[in-house]
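We'll go through some charged pairs, then a stretch of strands.

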Amino acid sequence: MSFDPRAAARSIWAHWQAGTVLDHLPPGQRPSSRAEGYEAQALLPEVAGRVPLGWKLAATSIEGQRHINVSGPLAGRLLGGQIGRDGDTFPLAGNRMRVAEPEFTFHMGRDLPPRASDYTVDEVMAAVASLHPSIELPDSRFADFTVVGEAQLLADNACAGRYALGDAPEPGAGADWRSLDLAAHRVRGQVFRKVDGEETCVIDREGQGANVLDDPRLALTWLVNELSALGLGLGRRSLVTTGTCMKPLAIAPGDRVEVDFGVLGRVGLKLAPEAG
């Protein structure tokens, strides 16, 4: 049975919208390679009727790769309607991962078209317009995303969910991000929850940029070259969120998440309480 990427994309989007899960994509819709996984993923914006706004990375740490049993990072598309701002309230209904992931997000200022040779870190960073703090609320359309393999996870948009994007620091508000050692840069994530009527910090964790493929700049460069190998470019104005810089923060409905990126700014979000 030949692979039908459009049918795979339709199945993924139907479960995404319904908040339901499947064990595996059915025969004929199940990709058998990374290339086929990306082929199905590429049809998601059209199937969903959503504008692609950029890219997200998953499994940019060895721990993350081991957790979902993949051989390396995965790229997924950021879709319109999934991105909010600092302080927004996000629904958690239907989300089975229930974690928040503090991430470095780059906003591109120039196109990086596909080419035969790999881009260097310096070339990629010269095309970046700004760096933003962000939080990802990932999710999967598979009942057990740790066993389905990287081809199906790519079709599943690399476990894409929702995002809160913070503002870039104002000029003069702190050190220029280009002068910072992003690998060594520390990030603090906190989860606040109502306990006996009082808001209490239930998780207080630190991470650093080195947890993101050794450096967020290396993660962004990996994405550019991954896309180039697929015949795709990274467009001007694209957002790229580069993967969690700490062990994901366990969350529940009604929680509040705050992440402090130091001189790079901060970003927070609220989670809607459970209905009823």
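Asp167 counts as exposed because its relative accessibility is 52%, where exposed means over 50% relative accessible area, buried means under 20%, and partly exposed is anything in between (1.4 Å probe, protein chains only). The side chain of Asp167 meets that of Arg85 in a salt bridge, at 2.4 Å from N to O. That term is used for a side-chain nitrogen of Lys or Arg within 4 Å of a carboxyl oxygen of Asp or Glu. The pair ties together distant parts of the chain: Arg85 sits in strand β3 (residues 83–85), Asp167 sits in the loop between β7 and β8 (186–195), and the two are 82 residues apart. Arg85, for its part, counts as partly exposed, because its relative accessibility is 39%.

A word on the ground rules: this is a predicted model, so local features need pLDDT of at least 70 and side-chain atom pairs count only at pLDDT 80 or more, while totals for chains, interfaces and linings use all residues. Residues are numbered from 1 along each chain as its sequence is written, and side-chain values use heavy atoms, with hydrogens and water left out.

Side chains of opposite charge can pair when their charged atoms come close. By the salt-bridge rule, the count here comes to 16. One of them joins Glu123 to Arg115, with the closest N and O atoms 2.7 Å apart. Glu123 counts as partly exposed because its relative accessibility is 32%, and Arg115 also counts as partly exposed, at 31%.

Now for a pair in another setting. Arg217 forms a salt bridge with Asp215, the closest N and O atoms being 2.9 Å apart. Are these two residues buried or exposed? Both Arg217 and Asp215 are buried. There is also a network to look for: Asp86, Glu199, Arg256, Glu258 and Arg266 are joined into one by salt bridges that share partners.

Next, the strands. Helices (H or I, at least four residues) and strands (E, at least two) are DSSP runs, numbered from the N terminus, and two strands pair if DSSP finds at least two bridges between them. Find β6 (residues 128–137), which is mostly covered, with nine of its 10 residues buried. Strand β5 (residues 99–108) runs antiparallel to β6, and eight bridges join them; Met108, for instance, has Val128 in β6 as its bridge partner. Four bridges join β6 to strand β7 (residues 162–165), again antiparallel. Here Ile135 has Ala164 in β7 as its bridge partner.
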